[in-house]
Amino acid sequence: MTVVMGIVNVTPDSFSDGGRYLAQDAAIARGLALRAAGADIVDIGGESTRPGAERVAPSVEEERVLPVIRALAAEGATVSIDTMNASTAVAAVEAGAAIVNDVSGGLADPGMLTAVAGSGAEVVLGHWRGPSSDMYARAEYGDVVREVVTELAARLEAAAVAGIAPSRVILDPGIGFGKRGDQNWSVLRGLPRILGIGPRVLVGTSRKRFLAEVLVAGGTPTGALDEATEDRRDLATAVTSALAAREGVWGVRVHDVRATRDALRVAEAWEGERRWT
Ligand SMILES: Nc1nc2ncc(COP(=O)(O)O)nc2c(=O)[nH]1
């Protein structure tokens with residue numbers, strides 16, 4: 001069964017749902033709702049990673065996420081913390097998070113891998129080309145799949161050196177992080193090579209620009225992208241979830257859990273994996 005990670009951004013400025021769940025009660029309610037809709041994991045983030053976002057102080061990030069993590073863990077939810085800060089990761093695990101989800105693969109905070117090693121948590125290591133503030137400046141690739149594979153393998157090695165066994169690592173190709181539209185599609189087509197590195201793979205396509213670009217006629221004028229409304233992006237996300245599942249990924253990270261869970265049910269029925277007994 002493909003793992004579904006539901007997204008709760010406790011931020012004022014995340015690209016697709018910024019501000020909706022900034023209040024603790026709203027964030028907790030959202031996490032419980034995603035779990036009820038079929039999320040295996042609830043991913044809590046306190047810092048927007050959208051292109052152009054400025055960094056947030058760990059203290060601000062922790063103030064946003066820790067009460068939400070505590071409440072959801074107390075309800076029995078499996079929680080991941082979406083952070084690039086080692087101090088936030090440690091505090092989140094102490095508050096009940098089971099997974100540290102670091103889109104930077106441990107590059108943004110030199111202390112992250114050592115902190116995770118000592119925490120006992122599992123870790124998602126994302127492919128990353130630098131801060132959101134100017135990530136597209138480094139979106140120059142010769143062969144994007146080869147470079148993503150090489151750079152993710154290097155992060156896996158760095159994690160091992162820090163004391164994190166590969167069995168505790170989940171790799172993520174970083175869709176939308178330092179990658180433009182066509183490069184994201186190349187990475188998705190290259191999933192077999194990313195899976196070939198060894199560890200489990202998580203994919204995060206949810207509501208991202210590269211999906212909107214294929215939904216609107218004529219490409220990418222910013223105005224046209226507004227036609228790719230949230231429901232259309234969620235449907236596109238669910239399609240990518242089913243396709244990624246058929247490639248054998250471990251999990252998918254999405255905003256609309258219900259749509260993806262339903263898409264996975266259909267994919268499993270097609271594959272003959274689903275048992276009605
Ligand atoms: N592991 C992982 N974490 C992420 N965190 C944030 C975002 C982008 O912002 P969002 O929270 O609004 O999706 N994308 C990813 C992703 O693709 N993979």
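Q: How much space lies in the largest cavity?
A: A cavity is a set of points where a probe fits but cannot get out. In this predicted model, about 30 Å³ of space lies in the largest cavity. A search of the whole structure finds one cavity of 30 Å³ or more.

Q: Which residues line the largest cavity, and which helix gives the most to that lining?
A: A lining is read first as a list of residues and then by the elements that supply them. Here the list is Val203, Thr205, Thr240, Ser241, Ala244, Val252 and Val254. Helix 10 gives the most, with three residues. Both helix 10 and strand 8, which spans 251-254, supply at least two residues each.

Q: How do the residues of that lining divide by class?
A: The lining of the largest cavity divides into four nonpolar residues, three polar residues and no charged ones.

Q: How is a pocket to be read, and how much space lies in the second largest pocket?
A: A pocket, in contrast to a cavity, is an open set of points. The second largest pocket holds about 170 Å³ of space. Its lining consists of Trp185, Leu188, Arg189, Leu191, Thr240, Leu243, Ala244, Arg246 and Glu247. Thr240 and Ala244 belong to this lining and also to that of the largest cavity.

Q: Which helices supply at least two residues of the lining of the second largest pocket, and what is its make-up by class?
A: Helix 6 (181-189) and helix 10 (230-247) each supply at least two residues. Helix 10 gives the most to this pocket, with five residues. By class, the lining of the second largest pocket has five nonpolar, one polar and three charged residues.

Q: Which residues are closest to the ligand, and how many surround it?
A: The surroundings of a ligand may be read as a shell of residues, and then contact by contact. The ligand is surrounded by 15 residues, of which the closest are Asp82, Asn101, Asp172, Lys208 and Arg253. Sorted by class, the shell has six nonpolar, five polar and four charged residues.

Q: What distances separate the ligand from polar side-chain atoms of Lys208, Asp172 and Asn9?
A: A pair of N or O atoms counts as a polar contact within 3.5 Å. A polar side-chain atom of Lys208 lies 2.7 Å from a ligand oxygen. For Asp172, an N or O atom of the side chain is 2.8 Å from a nitrogen atom of the ligand. For Asn9, a side-chain N or O atom is 3.3 Å from an oxygen atom of the ligand. Taken alone the ligand exposes 410 Å², and the protein buries 96% of that area.

Q: What is the phi of Arg207, and is Arg207 buried or exposed?
A: Arg207 has a positive phi of about 65 degrees, although it is not a glycine. Arg207 lies in the loop between strand 7 (200-203) and helix 8 (209-215). Arg207 counts as buried because its relative accessible area is 5%, below the cut-off of 20%.

Technical notes. Residues numbered from 1 in each chain as written. Predicted model: local features only at pLDDT ≥ 70, side-chain atom pairs only at ≥ 80, totals over all residues. Heavy atoms only, no water. Near = heavy atom within 4 Å. Polar contact = N/O pair within 3.5 Å; in protein donor to acceptor, adjacent residues only side chain to side chain. Areas by Shrake-Rupley, 256 points an atom, 1.4 Å probe, with all protein chains shown as cover. Nonpolar A, V, L, I, M, F, W, Y, C, P; charged D, E, K, R; others polar. 1 Å grid on protein atoms, 1.4 Å probe; cavity = no way out; pocket = protein on both sides within 12 Å on 5 of 7 lines; lining within 4 Å. Points joined across faces, edges and corners; volume = space filled by probe spheres on them. Helix = DSSP H or I, 4+ residues; strand = E, 2+ residues; numbered from the N terminus. Buried < 20%, exposed > 50% of the residue type's maximum accessible area, 1.4 Å probe, protein only.
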